[in-house]
Number of protein chains: 2
Amino acid sequence: MIRAANTRLEGHVRRTPLLNSSFIDDIAGRRVWVKPECLQHTGSFKFRGAWSALSALDPEVRKSGVIAFSSGNHAQGVALAAKMHGVPSVIVMPADSPVLKIENTRAYGAEVVLYDRDTESREEIGARLSEERGLTLIKPFDEPQVIAGQGTCGLEIAAQATEQGIEKADVIVCCGGGGLTSGIALALEADAPGLRARPVEPEGFDDVARSLRSGEIERNKKTSGNICDAIITPQSGDITFPIMYRLCGPGLVISEQEALQAMGHAFNRLKVVAEPGGAAALAAALYRRDQIEGDDVIVTISGGNVDAPMFIRALETLT
Amino acid sequence: MIRAANTRLEGHVRRTPLLNSSFIDDIAGRRVWVKPECLQHTGSFKFRGAWSALSALDPEVRKSGVIAFSSGNHAQGVALAAKMHGVPSVIVMPADSPVLKIENTRAYGAEVVLYDRDTESREEIGARLSEERGLTLIKPFDEPQVIAGQGTCGLEIAAQATEQGIEKADVIVCCGGGGLTSGIALALEADAPGLRARPVEPEGFDDVARSLRSGEIERNKKTSGNICDAIITPQSGDITFPIMYRLCGPGLVISEQEALQAMGHAFNRLKVVAEPGGAAALAAALYRRDQIEGDDVIVTISGGNVDAPMFIRALETLT
């Protein structure tokens, strides 16, 4: 499925490069290779899964349009992928979402439907709209075609690692629901079995790290209150978790401050813009060196959708 | 020479992608394609020319080492290219250069020789060291192998434009001494004759724009005092100017404020870090739309070596 998704993505997705810097290597104590998916369309890897899911739909079904619940990177990925397919998209967002996020999602061509978090259910709104208009729901991570799309990032990592002569390394992946992590893990299993995916999460939201230890899906106590908002989810998925449990190495956990510092180093040394959640894997490479094995480590920067005030906080860690 | 340089650069240079964003297109009034050389090794295109020049040297000559005068992007490009060739490099820098630039140049493996701008001549120091140690001078722009190296960026632009179906467009190039501009112009002449290079400079430092009008090499009155420091040079070169005069469209001129705003948009929409001089071409695409022709425009982001306080100034233009 990942290879089929890769064929469908050809000519539409950006093949992001693999970056490195000797300055970052010095901090990490090994060679660090960075896959900057912040350079992907809409500023995150989510476009891969959205394109994969949309392009896999029956054209007759797709024509009626798609729907997603998200105020974040998945919303933008689905909106743009729908626009590029020439079909309508509806994104259901909380009414208190930042105006910029609402405007951006609209600018990618989506119809934004706002709901009141306290009095309305987004599922009910979504079910009603889907029925009325024949919209297909695109889930953010626990959906095979979405996982297959994210897995194309893993195919690229496998090929780029081979080019660099890297046969054995940890591949650290910023992990929310596990769509990117499980997709990459599957791709590596097939194309680069010496590479091992490892999820990274923020402190207090380490459900996947705990799940990998306990062998069952654990939940987070909180579902908000961390700057790494892009990778905060209540729990991993019924499809994503078993893949991660079978293939991934132990989870890593980083602090908000470490995410900010990693954003600063990505600015200073790699010249890319990472959002806090997107910088989690780089933070793990820089600040969890004793928990990583080998001479090389590969990290994803999963997204770069960060506003200026938060980025200034990251820049302030450099001094 | 550009094709030969391209072969020598194979496997050593980063092939930077071509980025775009519908948000930027909307401001510019046409499709804008961005070549982010800030993602190149050492954070600027200068690595291309440095590698080209070093790799073209006779191995016996190269073994003794190379020397450059620069406190900026050329210094870092030469230092890293020398390190990767396993040969020594000496960079002659003013003693009052920012400590970070000195440290970075050293970290790339160079021996930094500091001189007093008021009482010493860098040329004399350079001549003495070159004679004593047999070092070869790598000039920043007016040197055929350096121009050939920068031209490899033009070969990539030509190929990437063809992939996107772009047959006719202005290619706006951030221009100091004209190494990148002339190299790209030559590459486009060969591989994409419908694309036309156009230099962009900051207000008050528009010697190339004036030279293209008058037909002879003009000088700038000032040689400092602009945030676009990477593209401030007294005048273009005896080799670069005739190439630009034969091949380039009219020069463009942008303000410091426009460079900062373009940096902000590059952050917000492309997720890359541009330095002020590196953002000049994007600024021209955004704010000189009446001086540009066609449905598409291609711009270089020539470098991303900017410190946090200056970047914060750019972020502040977004609000």
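## The interface between chains A and B

Ten residue pairs, both at pLDDT 80 or more, are in polar contact between chain A and chain B. A polar contact is a pair of N or O atoms within 3.5 Å; within protein, one must be able to donate a hydrogen and the other to accept it, and residues adjacent in sequence count only if both atoms are side-chain atoms. Four helices of chain A each supply at least two residues of the side that touches chain B: H2 (22-28), H6 (99-107), H12 (256-270) and H14 (308-316). H14(A) gives the most, with four residues. By class, that side of chain A has 18 nonpolar, seven polar and four charged residues.

Contact (heavy atoms within 4.5 Å) links 29 residues of chain A with 29 residues of chain B. The two chains bury about 2400 Å² between them, 66% of it on carbon and sulfur atoms. Buried area is the accessible area (1.4 Å probe) lost on putting two parts together, summed over both. Salt bridges between chain A and chain B number zero.

## Basis of the model

This is a predicted model: local features need pLDDT of at least 70, side-chain atom pairs count only at pLDDT 80 or more, and totals for chains, interfaces and linings use all residues. Residues are numbered from 1 along each chain as its sequence is written, chains are lettered from A in the order written, and side-chain values use heavy atoms, without hydrogens and water.

## Helices H1 and H3 of chain A

H1(A) (residues 2-9) packs against H3(A) (residues 46-56) at an angle of about 90°, with the axes 9 Å apart. The two helices are therefore roughly perpendicular (65 to 115 degrees). From H1(A), Ala5(A), Arg8(A) and Leu9(A) meet residues of H3(A), including Trp51(A) and Ala56(A).

## A salt bridge in chain A

Glu111(A) and Arg133(A) join their side chains in a salt bridge (2.7 Å, N to O). Glu111(A) lies in strand E4 (residues 111-115) and Arg133(A) in helix H7 (residues 122-133), so the pair ties together parts 22 residues apart in sequence. A salt bridge is a side-chain nitrogen of Lys or Arg within 4 Å of a carboxyl oxygen of Asp or Glu.

Key:
Ala, Val, Leu, Ile, Met, Phe, Trp, Tyr, Cys and Pro count as nonpolar, Asp, Glu, Lys and Arg as charged, and the others, Gly among them, as polar. Axes are lines fitted to C-alpha atoms, for helices over the stretch in contact, and angles run from 0 to 180 degrees between N-to-C directions. Angles under 35 degrees count as roughly parallel, over 145 as roughly antiparallel, 65 to 115 as roughly perpendicular and the rest as oblique.
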